[in-house]
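Here is a short report on one protein chain.

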Amino acid sequence: MDMEGTIERIEYDPNRTSFICLVKHEIPEGKYMPLANLEQPYSYIICPLGIRVGYKVMASKSKIDPEPGNAMPLKYIPQGTTVHNIQFKPDSTQGLVRAAGGGATIVNHYPDRGLALLKLPSKEQRYFSQDCMATVGEVSNTKHYRENLGKAGRSRNRGRRPMVRGVAMNPVDHPHGGGNGKTAGGRPSVSIWGWLTKSGRKTRNKRKPSSKLIVMTKRQARELVK
């Protein structure tokens, strides 16, 4: 069933980098909508770029206009459209591309295979089922990356404690510690437990089933640009 609503207001959310929209749903008389309370038919969505108070948004399993804020299956969204809030698999929670300024591009559709090829913000290209829901548009607050905390106290308030460099420690405290004067550590960058932290250390599980859906990793995409 189509779910239509009107943007009541745009709010700041301390738990995410993007803004959120309060949506008032239009419930037809005699209809029951499980996602909305009949007495208070409100819900929140991630605010897409360009949305204003009073705009209409809709979520549907059928084909609707590909306007910012509208959610529908990938098979109904035209090629080249920017989308966000994408489902990993059909009927699951929407959990991909939700950060401020994020947007994935639909590269191509493959109806015979039931797949759509998307280019993610990391430049990774990956197949998704065409039945996966996605919201049209780019996520709001695109200038979040330019935010300057200004002082150490704001970082501390977020739970981030000071980080001391390993080369500034003693040998008993860190593998990079010790030496006379300023030293480079004498070995590839490692953590306090000796685990490699740079030099392209791969952390993805090779046996992960979804690996077969990845057409181009972000590492391969970076190498093409060079």
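## Surface patches and overall build

R219 is partly exposed, at a relative accessible area of 35%. This is a predicted model. R219 sits in helix α2, which spans residues 218–225. A positive surface patch takes in R219 together with K202, K206, K218 and R222. Patch members need over 30% relative accessible area, so R219 with its 35% clears that cut-off.

I192, W193 and W195 make it, and its area is about 430 Å². W193 lies in the loop between α1 (152–157) and β13 (214–216). With a relative accessibility of 65%, W193 counts as exposed. The line for exposed is drawn at over 50%, so W193 passes it.

The two residues side by side:

| Residue | Place | Relative accessible area | Class |

Now the whole chain. The protein chain has 13 strands and two helices. Of its 226 residues, 32% are buried.

How does the radius of gyration of the protein chain stand against that of a compact globule of 226 residues? The protein chain has 23 Å, whereas such a globule would have a value near 17 Å. Along the principal axes, the C-alpha atoms fill a box of roughly 80 × 45 × 30 Å.

Terms used: Residues are numbered from 1 along each chain as its sequence is written. This is a predicted model: local features need pLDDT of at least 70, side-chain atom pairs count only at pLDDT 80 or more; totals for chains, interfaces and linings use all residues. Side-chain values use heavy atoms; hydrogens and water are left out. Patches are made of residues with over 30% relative accessible area and no salt bridge: like charges are joined within 9 Å, nonpolar side chains (Val, Leu, Ile, Met, Phe, Trp, Tyr) within 5 Å. Accessible areas come from the Shrake-Rupley method with a 1.4 Å probe; for residues, only the protein chains shown count as cover. A salt bridge is a side-chain nitrogen of Lys or Arg within 4 Å of a carboxyl oxygen of Asp or Glu. Lys and Arg count as positive and Asp and Glu as negative; His and the chain ends are not counted. The place of a charge is taken as NZ of Lys, CZ of Arg, CG of Asp or CD of Glu. Helices (H or I, at least four residues) and strands (E, at least two) are DSSP runs, numbered from the N terminus. Buried means under 20% relative accessible area, exposed over 50%, partly exposed in between (1.4 Å probe, protein chains only). The radius of gyration is taken over C-alpha atoms; the globule rule is 2.2 Å times the number of residues to the power 0.38.
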